Amino acid sequence: MPKDILKEIIDRRKADIGRLGFCFGCRIPEKRQRAVHPFIAERGAILEVKRASPSKGDIAPSLDAGETARKYAEAGARAISCLTETNYFKGTLVDLMDVCAAVDSFAGSTGKEPPAVLRKDFLLFPEEIDVAYRAGADAVLLIARILSAEELLSMAERCASLGISALVEVRTEDDVEKMSFVMNRVGNGNFICGVNSRDLRDFSVDTLIPAAMLGKIRRAVPGARVAFESGILSPQAAAFAARMDFSAILMGEAAAKNPDNVRSFTDAFGSARAGIGGANWVPLAEEALSGNRKRPFVKVCGITRESDAVLASSLGADFLGFVMWSGSKRNVSGDDVRRIKDALVSSGARVPRLVGVVVDVGGGECADAVSLVESGVLDFLQVHTLASARAFVSDPRLCSLPHYCAVNVASADDVRDALSLFALGEPRVLIDASSRDGIGGTGVRVDGSLVRDFSSSHKLWLAGGISPSNVRSVVAEFSPELVDVSSSLESAPGIKDEGKMREFFSNLG
């Protein structure tokens, strides 16, 4: 059975409270010594004072909490999160008090409003909120997963009575129900919702989890402020969260490792705005991670004809791909894409998500595809090859469009290169086979060991050699979230075969 890190943390915490009390042996003032500051009243970044974690081990073991907090304040942090859990994160309540003193000193010397201070811990009892308040915290983290609805309500009421805020962390539909139960009774003026991309049971990360929860939260609590927690390792990732319309980001590892460089993150989040680059991902994330899907998403790529698009849609394709690159036998123009979409709409068929596949980022075909996305004809761009992906994500304008990257893999180094894109804010990466015959649509399969290496840490989007005869075994062996299929459904390049299409979807189940 997999190790449950969260349970370990909670068990040790309860034992420590029984032995040391709610102050964990630290001397806490009997009365609060500082004013309460609003927590994320405006959109911004929450930067974290963090020495270690169960997943990463030591991150910044020699970190000075007060000095780090001042650097964060100077970098434009809207709030500062201070981990006070000792056993796994090496934080203490003394760190919290040092952070409070540092931001007050910053405010005194600059005349600026200080960042609010969040106590981040695995709080279990209302008495711990009293301790946080006396130590100077302006807000506390309440993790819905580890509290019953009644416990969460009791702790939220304690926050409200003290005039401090709570970051209520949710990750499942049950958590959202608890949050709704609480906020309907206490109100949401002092509360902000957070969604952790990291699963606290095993500390795995999926940066689409916050996106998948965003709509559910706002349907349950209209107007809720929502923070994107964990997994932001680059300015591009911070901008992606902003484009999905999150009110805040909470950054731990990336901030603590390099506090002198956090300005680039706060600037990226502050300057990016909600738009299609994030909005198109939110419903897709909710659909992908709902737990209700019985099969992977299917992308039928290399569409060139109206009839093939209509048939693929009627059979259940979730995405249709249009190759917009002259190096492909399946190349289509922008006018072709518009014509095919018009045929889909006029047929009355369900219109799947439409994807423009591009390779030459600086070329005219890519510019046409970009125009189609901006005008709403296409829903996503697929940026194929590692070099093209890196060029695309480094361009602020292009990167702001809804897209994902595709990388050809033939070695462990290729897998590492593909995985490196996640740190640049890419929520999903498609892996395809590498072949001398082309960069896609070759019918060549990715080596199974490389697929397993990739999917051991991230959701799998897989292309290359998937066919009607093997799709069932591919799904059984690798559990992909998406399969991308092209040449195996053709009678000739760009010409789909109706029999093969029907066989594929029948075998997929």
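A residue is called buried when its relative accessible area is under 20%, exposed when that area is over 50%, and partly exposed in between, as computed with a 1.4 Å probe on protein chains only. Helices (H or I, at least four residues) and strands (E, at least two) are DSSP runs numbered from the N terminus. The structure is a predicted model, in which local features need pLDDT of at least 70 and side-chain atom pairs count only at pLDDT 80 or more, whereas totals for chains, interfaces and linings use all residues. Residues are numbered from 1 along each chain as its sequence is written, and side-chain values use heavy atoms, with hydrogens and water left out.

Strand β13 is mostly covered, with 6 of its 6 residues buried. From this strand R353, V355 and V357 point one way, while L354, G356 and V358 point the other way, and all are buried. Two strands are taken to pair if DSSP finds at least two bridges between them. On this basis β13 (residues 353–358) runs parallel to β12, to which 5 bridges join it, and L320 stands opposite L354 of β13. Strand β14 (residues 380–384) also runs parallel to β13, the two being joined by 4 bridges, and the bridge partner of V355 in β14 is F380.

Strand β12 (residues 319–323) is largely enclosed by the rest of the structure, because 5 of its 5 residues are buried. Within β12, F319, G321 and V323 point one way and L320 and F322 the other way, all of them buried. Strand β11 (residues 297–300) runs parallel to β12 and is joined to it by 2 bridges, with F319 in β12 as the bridge partner of K299. The chain passes from β11 through helix α13 (residues 306–315) to β12 in a right-handed β-α-β crossover, where right-handed means that, with the strands pointing away from the viewer, the path from the first strand over the helix to the second runs clockwise. Right-handed β-α-β units are likewise made by β12, helix α14 (residues 334–347) and β13, and by β13, helix α15 (residues 364–374) and β14.

Axes are lines fitted to C-alpha atoms, for helices over the stretch in contact, and angles run from 0 to 180 degrees between N-to-C directions. The axes of α13 and helix α21 (residues 498–508) come within 10 Å and cross at roughly 20°. That angle makes α13 roughly parallel to α21, since angles under 35 degrees count as roughly parallel, over 145 as roughly antiparallel, 65 to 115 as roughly perpendicular and the rest as oblique. In this pair, D308, L311, A312 and L315 of α13 meet E498, M501, R502 and F505 of α21, contact being defined as heavy atoms within 4.5 Å.

Elsewhere in the model, 8 strands close into a barrel with parallel pairing, in the order β1-β4-β5-β6-β7-β8-β9-β10. The twist from one strand to the next averages 25°. Strands β9 (residues 226–229) and β10 (residues 248–251) pair in the parallel sense over 3 bridges, and A227 stands opposite A248 in β10. Helix α5 (residues 149–162) lies across β6 (139–143), β7 (165–170) and β8 (191–196), and runs at about 175° to β6. Helix α6 (residues 173–186) packs on the sheet and touches β7 and β8, its direction making about 155° with that of β7.
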